[in-house]
Amino acid sequence: MTGLEHRLYQQPWPEGEYRFFQLGFLVDDITEAAGRWARVFGVGPFHVMPVFDAPTMYRGTETSIRAQVAVAQAGPVQIELIRQYCDTPSVYRDWTRNGAASLHQLATVTPDYEGTKARYEAQGYQIEAENMSPKMRVAYVDTSADFGFYTEVVEQTPGFLANLGRISRSSAGWDGTDPVRQLGERGRARD
């Protein structure tokens, strides 16, 4: 695959599984944070997913968390805002933020989910949490000691890529109106 050319890039994208597509931030109020991102940075519209329960493996223990996310495209990177609604220990709940919005993770999408996880583990990093949903596999690699954030590994699936495309198209054509959009039950972005 050739590097992606863009006027902002001084070099092509790295080859292989080293492309980050998303920055994830923990917030206390999804709607307020999305509105602030739109006002301050001109990023939007934010697509606010319904609150969901996610079966999770966290530090070797099966559990479930109740959370919500909102996403918007900001040029070549997606911004994800995350809020956890329960006190269950998780990669979100255990992250120290001092009450402010905080960078939590950089995400990469991979067609080789198991191989990518194994590559991080071979370098000495632990898989702290993993989504247990059969629809989409996601792992959180604890790279925080070296980099100050988790690395999120997302399995590349046609449905996930299609939703990323819808979010990107919606943001590319955004005229500044309706900056925070509540999505329906299925949580799919509209073009």
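**Exercise 1. Count the aromatic pairs in this predicted model, then classify the pair of tyrosine 92 and tyrosine 140 and locate both rings.**

Solution. The count for this predicted model comes to six aromatic pairs.

Step 1: geometry. The ring centres of tyrosine 92 and tyrosine 140 are 5.8 Å apart, and the planes make an angle of 80°. Rings pair if their centres lie within 6.5 Å, and planes over 60 degrees apart count as edge-to-face. The pair of tyrosine 92 and tyrosine 140 is therefore edge-to-face.

Step 2: location. Tyrosine 92 lies in the loop between β5 (77-84) and β6 (102-110), whereas tyrosine 140 belongs to strand β8 (residues 138-141), so the pair ties together parts that are 48 residues apart in sequence.

Step 3: burial. Both tyrosine 92 and tyrosine 140 are buried.

**Exercise 2. Classify the ring pair of tryptophan 95 and tyrosine 150 and state which parts of the chain the pair links.**

Solution. Step 1: the ring centres of tryptophan 95 and tyrosine 150 are 5.3 Å apart with the planes at 45°, so the pair is tilted.

Step 1: tryptophan 95 is in the loop between β5 and β6 and tyrosine 150 is in strand β9 (residues 150-155); the pair thus links distant parts of the chain, 55 residues apart.

Step 2: tryptophan 95 and tyrosine 150 are both buried.

Phe25, Trp37 and Phe41 are linked into a cluster by ring pairs. Over the ring of tyrosine 120 sits the charged end of arginine 119, 4.8 Å from the ring centre.

**Exercise 3. Describe how strand β3 (residues 52-58) pairs with β4 and with β7.**

Solution. Step 1: β3 and strand β4 (residues 61-74) are antiparallel and share seven bridges.

Step 1: Opposite methionine 57 stands glutamate 130 in β7.

**Exercise 4. Determine which residues of helix α2 (residues 113-122) are buried and what covers them.**

Solution. Step 1: the buried residues of α2 are Tyr113, Thr116, Lys117 and Tyr120.

Step 1: these residues cover an arc of only 100° around the axis, so they are on the same side of α2.

Step 2: the cover over the buried residues of α2 includes β6, β7, β8 and β9. Just after α2, glycine 124 takes a positive phi of about 95°.

**Exercise 5. Describe the largest nonpolar core and the contacts of tyrosine 92.**

Solution. Step 1: the largest nonpolar core has 24 residues, of which Phe21, Ile65, Val91, Tyr92 and Tyr140 touch the most other members.

Step 1: β1 (20-26), β3, β4, β8, β9 and α4 (158-172) each supply at least two residues of this core. The largest share, four residues, comes from β4.

Step 2: leaving out residues up to four places away in sequence, tyrosine 92 touches Leu26, Ile65, Ile82, Gln84, His104, Gln105 and Tyr140. Of these, histidine 104 is twelve residues from tyrosine 92 in sequence and 7.9 Å away, C-alpha to C-alpha.

Step 3: the relative accessible area of tyrosine 92 is 13%. Buried means under 20%, so tyrosine 92 is buried.

Step 4: a second, separate core of 14 residues includes Phe25, Ala33, Ala70 and Val180.

Notes: Residues numbered from 1 in each chain as written. Predicted model: local features only at pLDDT ≥ 70, side-chain atom pairs only at ≥ 80, totals over all residues. Heavy atoms only, no water. Phe/Tyr/Trp six-rings, centres within 6.5 Å; stacked < 30°, edge-to-face > 60°. Buried < 20%, exposed > 50% of the residue type's maximum accessible area, 1.4 Å probe, protein only. Lys NZ or Arg CZ within 6 Å of the ring centre and 35° of its normal. Pairing = 2+ DSSP bridges. Arc of directions from axis to C-beta. Contact = heavy atoms within 4.5 Å. Core = buried A, V, L, I, M, F, W, Y, C linked by side-chain atoms within 4.5 Å.
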